[in-house]
Amino acid sequence: MSQIIYIPFDQLSTERGAMKVASKENDLVVLVESQRMITGRQWHRQRLQFLISSARHFAEELASDGWQVRYLKSETTKAGLKEVLQQFPHFQLVCATPNSFRLREMLSTMNATFVENDFFLTSEDMFSLWADKQKSFTMENFYRAQRKRLNILVDNGEPVGGAWNFDADNRLAPPKQHDWGSTLTFATDDVDRQVTQELPETSWGNLDGKIWGTTRAEALQQMEHFFTHHFANFGPYEDAMPNASWSGHHSLLSPYLNNGLLSPHEVVRAALNRFADGDVPISSCEGFIRQIIGWREYINGMYWYLGYDYRDNNHLNATRKLLPLFHDAQATHMNCVKSVVSDVHEYGWTHHIPRLMVLSNLALLTGVSPQDFLDWMREVFIDAADWVMVPNVIGMATHADNGVLMTKPYASGGAYISKMGQFCKECQYDPKKRTGNDACPFTTLYWDFLDRNKEAFAKNHRMFQQMAGLRRLSDLPEVRTRAQHVLSGLSSGEV
Ligand SMILES: Cc1cc2nc3c(=O)[nH]c(=O)nc-3n(C[C@H](O)[C@H](O)[C@H](O)COP(=O)(O)OP(=O)(O)OC[C@H]3O[C@@H](n4cnc5c(N)ncnc54)[C@H](O)[C@@H]3O)c2cc1C
């Protein structure tokens, strides 16, 4: 029987997913550009451009390689697929198991046949085998099990270099003088330009130049650039937030890993090959491998393991509306927030520390609704997808799940940002102060957050030290007063 091979925009691979079972002679490859996906929200321009242009390039490349391809623009994905099925009623709809609950459910209602999803290194069943045995879902334990299972950086059952984790060597602050190297830009072609012309006016963010590749060849170029120019320094400066570079020594590979242009298998292989050359420190290699075989797989595993409703958690009853500064960097005087939101506006990307310790920390401390914050993160990040944003935001970023993922919230005052970033010198707020007009909002709100949530944290032994610190504060009434001022100022865009 002939097949309709449906390729979602996050499975753009000729070697993985449904293309593995496709026949050039008999089958029709279908991609659907859903208008609802484009116009439904205030998406970042870079994001729409990247996703749509990558899909159109993929379809063009398949067609020029002799495949029969239909690239449809339709109101919804379902409507597009129905249209093709009406034209080819005897064809079987085939797709790799989708990466989101919604698409999986929708395709099930259309009687699609699912083939194995091999865009990850760990199947759902394999992850459940691990998760079912855990008392708490500690990523580090999962990661070590992955190292052994996949036999990566393991020698006779022992970790290469003598330790499983070299983070103690990493976490360096950005130096005053440092060569942060270059970032790639790509040449635009007719497909890119056509997509740009069609972007809806409601979209947000900058789109000058082409910093995100839209073909497999460009994704490979980005990977090569990382391993040649940044990999060796990746570990030590992984958490640093320098002024002089928007991407530091990060790989910028997440968009390609998430839309299928690259696979985690080949990225890991390339990392190990580069490490074998001998001039990349183990702290960088291990740190990077941990992100791919540890964090990325863990987050995907937890997405499926915790189920669809996990996204609705709001354990700390956070109900504040999204702050205006998230869409307008000028709506705050906080230098770190202004700078990070400007980067998001510019590139649709910042690395994990600004995401976690600046943007999410602010949402957490101010009590912004986790669901509103999740929506915003999904709209503005180039690499966002349901499977990756839901656990990262609901679990890691906002502690809305009562510690299912992370046993304590990633809440912090201005000191951490001052140490790992270069924002505070130019800022009107002082990270050391918690009261007074020039007190850093992060520092004030950190204590106020602990105070507001002291009952929720009372039994959390990992919060014991912080809560003891709170009890020792002699100026808590003044902190509370300043916090009210800061909270209303942030909501009105004046702090
Ligand atoms: C609140 C929050 C939201 C995030 N949202 C996303 C998201 O929507 N999409 C996304 O791909 N990553 C997300 N991350 C993880 C991480 O910030 C990005 O993967 C990373 O910044 C991408 O840049 P890079 O490719 O240069 O990563 P590198 O620092 O070079 O790391 C290499 C790779 O590791 C993987 N990785 C590392 N950490 C994670 C993680 N926590 N979850 C999943 N993959 C991880 C990514 O594939 C990344 O490409 C989020 C992190 C936080 C704290």
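Biologist: At what angle do helix H5 (residues 124-132) and H12 pack, and how far apart are their axes?

Modeller: Two packed helices are described by the angle between their axes and the distance between the axes. Here H5 and H12 (282-306) pack at about 80°, with their axes 9 Å apart. That makes H5 roughly perpendicular to H12 (under 35 degrees counts as roughly parallel, over 145 as roughly antiparallel, 65 to 115 as roughly perpendicular, the rest as oblique). The axes are lines fitted to C-alpha atoms, for helices over the stretch in contact, and angles run from 0 to 180 degrees between N-to-C directions. Helices (H or I, at least four residues) and strands (E, at least two) are DSSP runs, numbered from the N terminus. The model is predicted: local features need pLDDT of at least 70 and side-chain atom pairs count only at pLDDT 80 or more, while totals for chains, interfaces and linings use all residues. Residues are numbered from 1 along each chain as its sequence is written.

Biologist: Which residues make the contact between H5 and H12?

Modeller: H5 contributes Glu124, Phe127, Ser128 and Ala131, and H12 contributes Gly301, Trp304 and Tyr305 (contact: C-beta atoms, placed from the backbone, within 7 Å). By class there are 4 nonpolar, 2 polar and 1 charged (Ala, Val, Leu, Ile, Met, Phe, Trp, Tyr, Cys and Pro are nonpolar; Asp, Glu, Lys and Arg charged; the others, Gly among them, polar).

Biologist: How do H14 and H18 cross?

Modeller: The axes of H14 (residues 352-366) and H18 (residues 441-452) come within 9 Å and cross at roughly 45°. The two helices are therefore oblique to each other. On the H14 side the contact involves Asn361, Leu365 and Thr366, and on the H18 side Phe442, Leu445, Tyr446 and Phe449. This set holds 5 nonpolar, 2 polar and no charged residues.

Biologist: Which residues of H15 are buried, and what covers them?

Modeller: In H15 (residues 370-380), the buried residues are Pro370, Phe373, Leu374, Trp376, Met377, Glu379 and Val380 (buried: 20 or more other C-beta atoms within 10 Å of the residue's own; exposed: 12 or fewer; partly exposed: in between; C-beta atoms are placed from the backbone). Their cover includes H13 (335-347), H14 and H16 (386-397). The axes of H15 and H16 come within 10 Å and cross at roughly 140°, and the pair is therefore oblique. Pro370, Phe373, Leu374, Met377 and Arg378 of H15 meet Met389, Val390, Val393 and Ile394 of H16. The contact of H15 with H16 has 8 nonpolar, no polar and 1 charged residue.

Biologist: Which helix gives the most to the shell around the ligand?

Modeller: H16 gives the most, with 6 residues. In total 27 residues surround the ligand, the closest being His250, Ser251, Ser254, Gln291 and His352 (a residue is near a molecule if its C-beta atom, placed from the backbone, lies within 6 Å of it). H10 (254-259), H12, H14 and H16 each supply at least two residues. The shell divides into 15 nonpolar, 9 polar and 3 charged residues.

Biologist: Where does Arg171 lie, and what is its phi?

Modeller: Arg171 is in the loop between S7 (158-159) and H7 (190-198), with a positive phi of about 55° although it is not a glycine. Having 16 other C-beta atoms within 10 Å, Arg171 is partly exposed. Asn402, in the loop between H16 and H17 (414-420), also has a positive phi, near 60°. It counts as partly exposed, with 13 C-beta neighbours inside 10 Å.

Terms used:
Contact = placed C-beta atoms within 7 Å.
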